[in-house]
Structures are given as C-alpha cells and as structure tokens.
Amino acid sequence: MGRGKIEIKKIENPTNRQVTYSKRRAGIMKKARELTVLCDAEVSLVMFSSTGKFSEYCSPSSETKKIFDRYQQVSGINLWSSQYEKMQNTLNHLKEINHNLRRDVRQRTGGDLEGLDIKELRGLEQNVDEALKLVRNRKYHVISTQTDTYKKKLKNSRETHHNLLRELELVDEHQVFGYVNDDSSYEGALALAHDGSHQMYTFRVQPSQPNLHEMGYASHDLRLA
C-alpha cells in the first residue's frame, strides 16, 4: 500500500510543525547536495523557520553572494537598493548631526556668530553661563576634595612625628650605666662585715653602651655597707 496524501496546509500544533520542518529541511538539503553533484549545478538555499532559526546551503564551487549577484543580473532586480538607500539616509543624518555639533562648539568659543539674531545670541549666552557655572562647581568640588585629602595626610604626619618624639624621650630617660652581678668574682655578691653585725653588698658597675668601652671607661666596684 502506498502512502496516503496529506492535505497541504499549515500545521496548527507547534510541536508537530517543528518536527515536520526539521524532517523536510533535511530532505531538501539532501536533494540540493545531490543536484549539485549529479548536474554540476550552482545551488543556493536559504531557509528560516517559524521560530527564526536560519539554515542555508550553497554549492561548494560557488558563494551565496556570487549567486545573488547572478540573480540580480538575470532578473534585473536590485536586491541591495533599499538597503543602500537606508544606509545613505543614516549617513546623511549623522553628517547633519556632526555639522550642528561642530557649529555649536565654534559658537561657544566665540566663533561663527554671524547671522545670529538677538534671540539666538541670548540663548547662546545663557548656555555659556550655565556651562561656566557647572565648570566652576566642579572646580570647587575638586579643590575641596584635594584639600580634605591633604589635611588628612598632614594630620597623619603630625601624629607620626609626635609618636617618634615620645619614643625618643623614652630612650633618653634610660640610664647609660647599669648594674651587673658578677658571682664568679665576688662569690655571690654578698659578704659579711668584720663582726657580722653589718652586711656589705657588692656590685660591679660597667658601661652598658658599646661606645663607652671604646672611650676607655672600665668597670668599677661599688660596695655598700
């Protein structure tokens, strides 16, 4: 039994429609490749699904643009005229905007003022005053920000200087000479007096700074009775 004919109309079910498109797209791509090989034909195929998915096929020996150019020559239809016209209109619009901006810049710097009436000159003056006000406000803001930053740096520097001075004062308060107990020379640094009623404490005093040794200061004994 042969396959039954189906009615050619839009498939309402989206899922079935997408499945049918995928199957038939693969079939028509296969036919295009076979036609290219069997008949040495230049084939270009462009498809868009209902969801906007793009698919194309072009013969390996040709290019899509080349086939479009040949189509324009044969059919006499210019495929790019509308696009070129749109691009030309956009270019002209941008040129006009650029011309107006350059003229505004020249007028704000005092040039190209010929032909302006009183109303236009007054409007230009107001625009310049507003621009000058914005520039001044920005300048004062920058100055204020920099001043605050410098004040913070100065405060930190003063605190650091004050801390260094305090550390230096603490160092100066230390004594240059210190007491050193030498048990080997004085047998425990404690001895009895003649009758035992008094105790004598023996200490050795020597310089605690290396430079004082070099200057010739030797150690000395102190005896406290």
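Because the model is predicted, local features need pLDDT of at least 70 and side-chain atom pairs count only at pLDDT 80 or more, while totals for chains, interfaces and linings use all residues. Residues are numbered from 1 along each chain as its sequence is written, and side-chain values use heavy atoms, with hydrogens and water left out.

The chain contains six helices and six strands, which are DSSP runs numbered from the N terminus (helices: H or I, at least four residues; strands: E, at least two). Their order from the N terminus is α-β-β-α-α-α-β-α-β-β-α-β. Of the 225 residues, 10% count as buried; buried means under 20% relative accessible area, exposed over 50%, and partly exposed in between (1.4 Å probe, protein chains only).

The largest nonpolar core consists of six residues: Met29, Ala32, Val43, Leu45, Met47 and Tyr57. Such a core is a set of buried Ala, Val, Leu, Ile, Met, Phe, Trp, Tyr and Cys residues joined through side-chain atoms within 4.5 Å. Helix H1 (14–39) and strand E1 (44–48) are the elements that give two or more residues to this core.

At the surface, Tyr71, Ile77, Leu79 and Trp80 form a nonpolar patch with about 380 Å² of accessible area together. Patches are made of residues with over 30% relative accessible area and no salt bridge; like charges are joined within 9 Å, nonpolar side chains (Val, Leu, Ile, Met, Phe, Trp, Tyr) within 5 Å. Tyr71 belongs to helix H2 (residues 64–75) and, at 43% relative accessibility, is partly exposed.

Three salt bridges are found in the whole structure, each defined by a side-chain nitrogen of Lys or Arg within 4 Å of a carboxyl oxygen of Asp or Glu. One of them joins Glu42 and Arg70 (2.8 Å, N to O). Glu42 lies in the loop between H1 and E1 and Arg70 in helix H2, so this pair ties together parts that are 28 residues apart in sequence. Another links Asp69 and Lys65 (3.1 Å, N to O); these residues are four apart in helix H2, which means a separation of about one helical turn. Between Asp112 and Arg106, the closest N and O atoms are 3.2 Å apart.

The structure also holds one aromatic pair. The ring centres of Phe48 and Phe54 are 5.1 Å apart and the planes stand at 40 degrees, so the pair is tilted. Rings of Phe, Tyr and Trp (its six-membered ring) pair if their centres lie within 6.5 Å; planes under 30 degrees apart count as stacked, over 60 as edge-to-face and the rest as tilted.

Conventions:
Accessible areas come from the Shrake-Rupley method with a 1.4 Å probe; for residues, only the protein chains shown count as cover.
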